[in-house]
Amino acid sequence: MARYLLRRVLWGMLTLFLAVTLTFLILRVMPSDPVSVMVDSRMTRGDIEALTREFGLDMPLTTQYARYLANLCRGQLGISFATRQPVSVLLAERLPWTFLLNLSALTLALALGVWLGQAAAKRRDTWLDWLIHLLAALGGSIFVPSLGLALLYLLGVKFPLLPIGGTHTPGVVGLAYAADVARHLLLPTAVLVLVTWPHYALHMRASLLEILRADYLRTARSKGMRESRALWRHGVRNALIPTVNISGLLLGSLSGGSILAETIFSYPGVGRLIYEAVGRLDYPVLQGAFLTLAAIVILLGILTDLLYICLEPRIRLGAER
Amino acid sequence: MLNPLALVSEGADACADAHVADACVPDAHVADTCVPAAHVPGTAAPLLELREYSLRLRRDGTGLLDKVSFRLGTGEIVGLIGESGCGKTLLALSLIRLLEPNLFTVAGQVFWRGEDILAWPEKRLISWRGKELAMIFQEPMTSLNPVWRVGAQVAEAIRLHQPVGVKEAASLACQALRQAAVAAPERLMRQYPHELSGGLRQRVMLAIAMANRPRLILADEPTTALDVSIQAQILELMLRLREETGASFLLITHDLAVVAEVCDRALVMYAGRVVEAAATRDLLDTPRHWYTRGLLASLPGLDGEGRLPVIPGAVPAPAQYNWRGCGFAGRCRRALPRCGREPPPWSDVGAGHWVRCHAPA
């Protein structure tokens, strides 16, 4: 178990290193120059050169890369080109909101997907099954910004039931604060849930259909268990194993989706930060944000694996051997 | 007679018996299929009685079981034998009512202690299944849920039918496992099925089946997947459990050695019909149906001499069952012209030995 975990963490770190390097390289091969974005017409040539030197952009690429890595090892993510704030401070401000958004979306999508997936499997080849399939196909193929803008217009502008942006209303405290945060969270979460649940539902349906023919489900019925109870205790419980396991894969697409959702709903998370930083060619912020997202995806991937081990007793033994 | 339990007292009077009378109109056609009664001394009413129980596929009406009739008394171990594809497992699954009701139609009656279970609502079935009637399956390797501990799976069966708390259910489960001759039940309770051998898993299945002290256990080839020494242990365990709890067993098998070892009586099935019913000794010593003879002849002896006589051909698929005549006629060396056309009637060939054959051996 410990050895497995160690190996998993080492692989994660290697992946992270590759992600860092790729981010660094991709940013440098972009055709535009970050200094040109910061320049304003009153600046002299000397000012511009000083600015370039200040951010180390005059050095060769290899030196920049080495300095970047060295700083990373010391835990320094750099200073934002645009706001002159440390990147770590910017990230620390935004991360909790991204976490809140993504975890709510993932949890709700899992719950909704498991529920609809088991319902579809139980009534396979009925109208309900077809309806769930249709909704899943729609949800899985919809583009986050289109759905987001539609909801924003409908519920934020046309019928202004929900706030159109931000994370909370300033000055609200106590229980009202929690309710206010939830109201702000509702639309971006809904969009992410709507595009994520189909993955869970289809996995749950397929796994459960297989389990419906399993001998142990027949044993459960032969004990005198109600069909619905047998299905949850011995069917859904077992089908959860492969279903939960795809969370690790879904996290990647979810964090991509959350960049779009945060941007549309002006939700100040890491995704929105990335969107802003791209406009300003703010290398340090982009590097820091991608690094953070990659780290989170890798970390949650490891957590998913651990969860998988908890759910699946046969693996536990294999790892101990 | 070696086994007094299997004695049939009434013989040919079966049709006149109070229980069977209404099912057997004195009409030539119906009388054909009349019940080979096996009365058990000491039991006024049988535990389980099937009367002309038939099962068909709802979709296209394919016949799967044809007018199966037999009785099973308290404390009896009855063997149900026949090749694969004769409908043995189907019969058991349909007795415990685990077949999808949308897919099958049934006819006839199944009496459980005098009540027709075919008329029971689902609620009644759920409180009966697993409590009064339990089932053990052929595949010990896959019949337990891989993600629950053994203890939880046994305790679950107990809590479904007995008003006990979690702790009490666990201690009852431990007792049930001990009764199933598990060496270290406390340890086993905490293990997962994949950590156990096939024999041990089948003991766990037996413990689950016995947990609520059922009156009847349907054992569907419980030893087929196990090696011979484990097989003997499981059979011995079944005999002991009968002694201790008075439970009856319907033992489905294609292994005649198993029947010889533990069964009081045996029923031979072919192509969805019961074709011969007799006390075990009687059946094995003097089989009267040509199918039973074929089955017995194909048993390998220990001397290893000569070629094994096999029954030519194979059990037809249900769609090809010939119920207009004798189902076995196509493979029978002694078939007469009428065997393919007329269903053979039940005939009592003495001492409770019943056979459905136009020309019994």
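Which strands of chain B does helix 2 of chain B lie across? I looked this up before anything else. Helix 2 (residues 88-95) of chain B lies across strand 1, strand 2 and strand 4 of chain B. I read its direction as about 110 degrees to strand 1 of chain B (axes are lines fitted to C-alpha atoms, for helices over the stretch in contact, and angles run from 0 to 180 degrees between N-to-C directions). Contact means heavy atoms within 4.5 Å. Helices (H or I, at least four residues) and strands (E, at least two) are DSSP runs, numbered from the N terminus.

I noted that this is a predicted model, where local features need pLDDT of at least 70, side-chain atom pairs count only at pLDDT 80 or more, and totals for chains, interfaces and linings use all residues. Residues are numbered from 1 along each chain as its sequence is written, chains are lettered from A in the order in which they are written, and side-chain values use heavy atoms, without hydrogens and water.

Next I took the sheet. Four strands of chain B form an open sheet in the order 2-1-4-5, with antiparallel pairing (two strands pair if DSSP finds at least two bridges between them). Strand 2 (63-72) and strand 5 (115-116) of chain B are the edges. Eight bridges join strand 1 to strand 4 of chain B. I found Arg51(B) opposite Gln109(B) in strand 4 of chain B.

Then I turned to the contact between the chains. Chain A gives 22 residues and chain B gives 26. I counted three salt bridges between chain A and chain B (a side-chain nitrogen of Lys or Arg within 4 Å of a carboxyl oxygen of Asp or Glu). Arg233(A) forms a salt bridge with Glu156(B), with the closest N and O atoms 2.5 Å apart.
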